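Thanks for coming. I will go through one model, a region at a time, and keep to what can be computed from the coordinates.

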Amino acid sequence: AGADVLISARRVGATGRAIGLDMTDEMLKLARANAAEAGVANVEFVKGFIEEIPLAGASVDVVISNCVINLAGDKTKVVAEAARVLRPGGRFAVSDVIADEDMDEATRTDLAAYTGCIAGALTEAEFRAALAAAGLEDVEIRETHRVHEHAGSAIIRARKPA
């Protein structure tokens, strides 16, 4: 509904711009209505997929995401797209679920665990590999709390080289 974008818009100030991305018309409509109601003018909401971000390369200072990457089918492509749109020196700062190395196959194939953001999660090693393959550096992955017996929520940070 655009909450993260509205918070970001306030943080970047009147001369900055915050862009939200969603694949559904319903959520875009709701986000735009929330922005209008909040009186926030430095926001834009675009329709698209995180695997094919409809923004120019090297056009974004910071990419944020709140527990969305683990729902994507091709997480490596998502990370590569985030790196593509980042300007040199830009930051990747997301919150997501990180799977334990020993997550069992039953959990990995459980539809409820998938929709609950558990089954589709990358391990820390897989996330680090995807970030490195995308050319991002200074990777930091810090677990914040456990969300499942086989997974934890984490803050993932990286930077595109200047």
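Asp110 is partly exposed, because its relative accessible area is 35%; on this scale buried means under 20%, exposed over 50%, and partly exposed in between, with a 1.4 Å probe and protein chains only. Asp110 sits in the loop between helix H4 (105-108) and helix H5 (111-115). Helices (H or I, at least four residues) and strands (E, at least two) are DSSP runs, numbered from the N terminus. From Asp110 to Arg17 there are 93 residues in sequence and 39 Å in space, C-alpha to C-alpha.

Before I go on, the ground rules. This is a predicted model, where local features need pLDDT of at least 70 and side-chain atom pairs count only at pLDDT 80 or more, while totals for chains, interfaces and linings use all residues. Residues are numbered from 1 along each chain as its sequence is written, and side-chain values use heavy atoms, with hydrogens and water left out.

Next, Asn70. It lies in the loop between S3 and H3. Is Asn70 buried or exposed? Asn70 counts as buried, because its relative accessibility is 2%. What does its side chain reach? There is a polar contact with the side chain of Asp96, at 2.4 Å, and the Asn70 side chain also reaches the backbone oxygen of Cys117 at 3.3 Å. A polar contact here is a pair of N or O atoms within 3.5 Å; within protein, one must be able to donate a hydrogen and the other to accept it, and residues adjacent in sequence count only if both atoms are side-chain atoms. Leaving aside neighbours within four places in sequence, the residues in contact with Asn70 are Lys75, Asp96, Val97, Tyr114, Cys117, Gly120 and Ala121. Contact means heavy atoms within 4.5 Å.

That brings up the cysteines. How many disulfides does a search of the whole structure find? The number is 0, a disulfide being a pair of cysteine sulfur atoms within 2.5 Å. For Cys67, the nearest cysteine sulfur is that of Cys117, 3.9 Å away, and Cys67 is in no disulfide. Cys67 counts as partly exposed because its relative accessibility is 22%. Cys117 is likewise in no disulfide, and at 14% relative accessibility Cys117 counts as buried.

Now the helices. In helix H3 (residues 75-85), the buried residues are Lys75, Val78, Val79, Glu81, Ala82, Ala83 and Val85. They pack against strand S3 (60-66), strand S4 (86-99), strand S5 (122-123) and helix H6 (124-133).

Phe127, Ala130 and Leu131 are buried. These three cover an arc of only 100 degrees around the axis, so they are on the same side of H6; the arc is taken from the directions from the helix axis to the C-beta atoms. As background, an α-helix has 3.6 residues a turn, so residues three or four places apart point the same way. On the other side of H6, Ala132 and Ala133 are exposed. The buried residues of H6 pack against H3, S4, S5, S6 and S7. Just after H6 comes Gly135, with a positive phi of about 90 degrees.

On to the core. A nonpolar core is a set of buried Ala, Val, Leu, Ile, Met, Phe, Trp, Tyr and Cys residues joined through side-chain atoms within 4.5 Å. The largest one has 23 residues, and those touching the most other members are Val63, Phe92, Phe127, Leu131, Leu136 and Ile156. S3, H3, S4, H6 and strand S7 (151-159) each give two or more residues to this core, and H3 gives the largest share, with 5. Apart from this core lies another, of 10 residues, including Ala9, Ala18, Ala35 and Phe45.

Last, the strands, which pair if DSSP finds at least two bridges between them. S4 and S7 are antiparallel over 9 bridges, with Ala99 partnered by Ala151 in S7. Strand S6 (residues 137-148) also runs antiparallel to S7, over 8 bridges, and Arg142 stands opposite Ile155 in S7. Through 2 residues, a hairpin joins S6 to S7. His150 is in the loop between S6 and S7. It counts as buried, because its relative accessibility is 14%. Not counting residues up to four places away in sequence, His150 touches Ile98, Ala99, Asp100, Asp102, Met103, Asp104 and Thr107.
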